[in-house]
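Keep the structure open as you read.

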Amino acid sequence: NVAAVQLSEDHKERLQAAVDSGSVHDLADAYKSLSPELIRQAQEVMRDKGNRCFASGQFQDAISQYSEALVTAPLDEKLLSNRALAYLKLKKYPEAMADAERVIALKPDWAKGWYRKGVALIGLQRAHQALECLRRAMQLE
C-alpha cells in the first residue's frame, strides 16, 4: 500500500486548482514546484489508484489516473503499458496502439509492448501486422 503523499497546504491548493482546471500544462506547472521525491510518491499514488480502478473494471478512471501520472513521468513504460491495456479493455484501439508503440520505443526488448500492440492491431483488423507483433512478443518471453 502506497503511503499518502505529504504536501503543504499551498502545494495541495495549487495541485487541486490545476486538476480542477483540466489543463495538463497547469498540472505540469504545479508539479514543477514539488521535490523529486514528492513527485515520485505522487506518481506511485496515481499508479496505485489506476491499478485499483482497473481491477474494479473502471477502465476510464484507470486511464485518467495513468494519464495524470504520465504528466510527470512521460517515459515510464509501465504506466504506458497499463494505460494501453485499459484502452484495450474499452476497445480504444488507436490509443492503445499509440501507447504500445511508445512502450516499444522505450523498451524494445519487453514483450508486453509488442503484445499490447499486437492486440490493438487485431482490434484494428490488421491481422498480418498483429501476428508479427505477437510473434515478437513470444520470442521475447
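A charge sits over a ring if NZ of Lys or CZ of Arg is within 6 Å of the ring centre and within 35 degrees of the ring normal. The charged end of Lys107 meets this rule over the ring of Trp110, 5.4 Å from its centre.

This is a predicted model: local features need pLDDT of at least 70, side-chain atom pairs count only at pLDDT 80 or more, and totals for chains, interfaces and linings use all residues. Residues are numbered from 1 along each chain as its sequence is written, and side-chain values use heavy atoms, with hydrogens and water left out.

Rings of Phe, Tyr and Trp (its six-membered ring) pair if their centres lie within 6.5 Å; planes under 30 degrees apart are stacked, over 60 edge-to-face, the rest tilted. The count is one aromatic pair. Phe54 and Phe59 form it, edge-to-face, with 5.0 Å between centres and 65° between planes.

A nonpolar core joins buried Ala, Val, Leu, Ile, Met, Phe, Trp, Tyr and Cys residues through side-chain atoms within 4.5 Å. The largest has 15 residues; Leu88, Ala96, Trp114, Ala120 and Leu121 touch the most other members. Another core, of twelve residues, lies apart from it and includes Met46, Ala69, Leu70 and Ala73.

What about the cysteines? Buried means under 20% relative accessible area, exposed over 50%, partly exposed in between (1.4 Å probe, protein chains only).

| Cysteine | Relative accessible area | State |
|---|---|---|
| Cys53 | 14% | buried |
| Cys133 | 6% | buried |

The structure holds zero disulfides, a disulfide being a pair of cysteine sulfur atoms within 2.5 Å.
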